[in-house]
Amino acid sequence: MSPWSKEIWRLIWLTGLALIVGFISGYTLVCLLIVSVGYITWHFNNIKRLEKWLNKPGKTNPPQGSGIWAEIFDRTYHLQKQNRSRKKKLAKYITRFRESTAAMPDATVVLNRYDQIEWINKAAQKALGLQPAKDIGQHLSNLIRHPGFIRYITRKDYSSPVELPSPANEQQTLSIRIIPYGQDQRLLIARDVTRLKQLEQMRRDFISNISHELRTPLTVIHGYLESMQDETDESLRDWQENIKMMRRQSSRMQHIVNDLLMLSRLENEETKQTAREQIAVPNLLHMIMDEASALGAEKQQSITLECDDELNIFGVQNELYSCFSNLVFNAVRYTPTGGSVTIRWFHDQNGAHFEVQDTGIGIPPQHIPRLTERFFRVDVGRSRDIGGTGLGLAIVKHILERHNARLNITSKVNHGSTFRCSFPAENIIQQAPKAVTKA
Ligand code: ADP
């Protein structure tokens, strides 16, 4: 029988007894009243015992009860036990999480939905200069004031990390990443990438230095070879073929060195140079078009320019010249005799677009994602034969990044390729800029 049925039977039994005694004694109402008061008092007494037991600190056995109260005491006791073991488990998890994150060499900060600090580990105190005693509860952007970080945190795009000097030590570079988790919680992880940055800088410096060092000897060698080729001396006649080959190779090396120097300059100039220089792109394109026509003249290619003459953008002139000419000259070089190259400059609601479409050899789809890697060539032999360095598209990529622009490549083998550079709408200028002189 369930405790409730038992309790109801107990009540029926008590009422029955009160009615019988009342009937015999002639005081039915009084008997009923006495039984009711007794029953209520019993319940009150049990409630009081329950309340007293619940308020007792620590683990104690439940009071003894009868009827429904035995069941209530027992269930409450079990619930308490369950709760206690759940609490213990949770506390263990939290301690383990704190111990592991505290031991992590990376700075870790737990943030709430308002980007206020909830918890920090030891590494965060050192790397970010945070102090638990006074910084917990503070808005993170009040403590890390670097503009790059403020942009990162307000944009809420946490797909890639942001790099900045440590607020506690200017010499240290941190790579900071925010990882959303749980219900609107965030975890900030900061890694020390100083060594990596130094190595990267060393690599850049090495390439830049070696290119500088090679430039002068190469110019001298090239100059001598040139004069040896022009020489009418009898003794050099048999060497003419070799000298021609040496001249070709030294000129190729000069191109590589110049491209490497350009790349390291682009890499080393930290600031994005979408700087407010107004560029008359149509003039630039007419100039490139003339040079491309001269380059493609032998191959009888048709080169056309479809250009919005009113469309100008903010940018860096020599960089844009280098970017556009690289793409146009590639189109000419990788398009066989009789093919065509179309250069377009136009705008739509997404911004301004420079496009070069050719009917050349095309690029197999698996190579397209790798084209902007340094020294990547689809066909090394062919690239060398036509005087390529394998650095042109890497330069294009860097220049476009500095102009907040994107490169899009579509191609079909034996049908041709289209290279499109898309500049954001905010780069477009309405009024006519100053005339352009050759870069
Ligand atoms: P390269 O100096 O070898 O031309 P780039 O970086 O300019 O170096 O180009 C990388 C590679 O991309 C080239 O070697 C070539 O295989 C391929 N490529 C570039 N432009 C075109 C094009 N218009 N048509 C076909 N292949 C191209």
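1. Let's start with the secondary structure: the chain holds 13 helices and 13 strands. Please keep in mind as you read on that this is a predicted model.

2. Now to the overall form. The radius of gyration is 41 Å, whereas the globule rule gives 22 Å for 439 residues; the chain's value is well over that, so the chain is more spread out than a compact globule. You can see this in the C-alpha trace too, which spans about 155 × 45 × 45 Å along its principal axes.

3. A few words on burial and surface. Of the 439 residues in the chain, 37% are buried. The accessible surface comes to about 26800 Å², and carbon and sulfur atoms contribute 56% of this area.

4. On contacts: among those with a separation of 6 or more, 59% are between residues 24 or more positions apart.

5. Three strands make up an open, antiparallel sheet, ordered β6-β8-β13. The edges are taken by β6 (278-279) and β13 (428-429); each has a single partner strand, so one side of each is left without a neighbour in the sheet.

6. How is β6 joined to β8? The link consists of 2 bridges, with β6 and β8 (residues 312-314) running antiparallel.

Key. Residues are numbered from 1 along each chain as its sequence is written. This is a predicted model: local features need pLDDT of at least 70, side-chain atom pairs count only at pLDDT 80 or more; totals for chains, interfaces and linings use all residues. Side-chain values use heavy atoms; hydrogens and water are left out. Helices (H or I, at least four residues) and strands (E, at least two) are DSSP runs, numbered from the N terminus. The radius of gyration is taken over C-alpha atoms; the globule rule is 2.2 Å times the number of residues to the power 0.38. Buried means under 20% relative accessible area, exposed over 50%, partly exposed in between (1.4 Å probe, protein chains only). Contact means heavy atoms within 4.5 Å. Accessible areas come from the Shrake-Rupley method with a 1.4 Å probe; for residues, only the protein chains shown count as cover. Two strands pair if DSSP finds at least two bridges between them.
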